[in-house]
Amino acid sequence: MRQKLHYGPAVDSAVGAPQQVVDALLERGLTACEVPPSGKFWNDYEAATELGGLAAANDIALSLHAPIAGFMGHAERGKKLNMAFGMLDHSAGIAKAAGAEVVVFHPGFLLGRSRQDAVDAVVDQLGELRARLEKKGRLVPFGVEVMGRVRDLGSIDDVCEIAARVDFVQPVLDFAHMHATSDGAFLDVEMFAGALAKADGVMTPEQPFHIHFSDIQYANRNETKHLPYGEGTLRAEPLREALERFQRPATVISESPDAASTDRIREILGV
């Protein structure tokens, strides 16, 4: 039996009316949206709360993406790390106000360290973040995203190790990024299912998969830009079939650069 699948785009940061956002999603048959790290909904608790209430009333899965600079695993303590803690703290507060199911963040960079040392630093700093959020009543689920550069931190193995070691963190599978770093290997169901199985193995039973998806341009196993659907080689059919193998709900966020691509992927996924 197929588990529930939510699907939708990131919210345009220029949109300012919660009802407008929800009406536009419902008109297109979309059932999820991700708040970007800018604009009214990331900066305004009242607007985020209103959006969250409307989303919940209409069975729209809401998530939030933290700012790019809000990563853990800094090699040195100081201003940049303190700024990252502040960004993730604020993101958690907005996510709690909106009832978002997860805050997506990036794992950071190797910064000249071994991969294991960098992962250890991420885990240690997430422990500090946990203590900070607990004191404020803001400990919400976080999701660490698979990244799109082959020689830096953020492979699926990296993010699954982080999630396995930090109890409020889950993997966020970005299939465009994985397609890029694998030199275009995500062409069949088994590749998609293998990535989902790795994430499934480090998640609690009630957590939905959180997935980013779009077609992608890449060079030398590094992402270069998101493409309209069909202009690259990543396809949604294998994702649909792979998700059917798992007894776990999923939220898929389209990162396509155009609405037509987002709508086409929705049709293929059968949402």
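I started with Pro 9, which counts as buried because its relative accessibility is 14% (buried is under 20% relative accessible area, exposed over 50%, partly exposed in between, with a 1.4 Å probe and protein chains only). This is a predicted model, where local features need pLDDT of at least 70, side-chain atom pairs count only at pLDDT 80 or more, and totals for chains, interfaces and linings use all residues. Residues are numbered from 1 along each chain as its sequence is written, and side-chain values use heavy atoms, leaving out hydrogens and water.

Pro 9 sits in strand S1 (residues 5-9); strands (E, at least two residues) and helices (H or I, at least four) are DSSP runs numbered from the N terminus. I listed its contacts (heavy atoms within 4.5 Å): among them are Leu 25, Cys 33, Ile 253 and Thr 262, not counting residues up to four places away in sequence. Ala 259 is 250 residues from Pro 9 in sequence, yet 8.7 Å away in space, C-alpha to C-alpha.

Next I followed the sheet. Eight strands make an open, parallel sheet in the order S1-S10-S7-S6-S5-S4-S3-S2, where pairing needs at least two DSSP bridges between two strands. S1 and strand S2 (32-35) are the edges, each pairing on one side only. Strands S6 (residues 169-174) and S7 (residues 209-213) share three bridges, and Asp 174 has His 212 as its bridge partner in S7.
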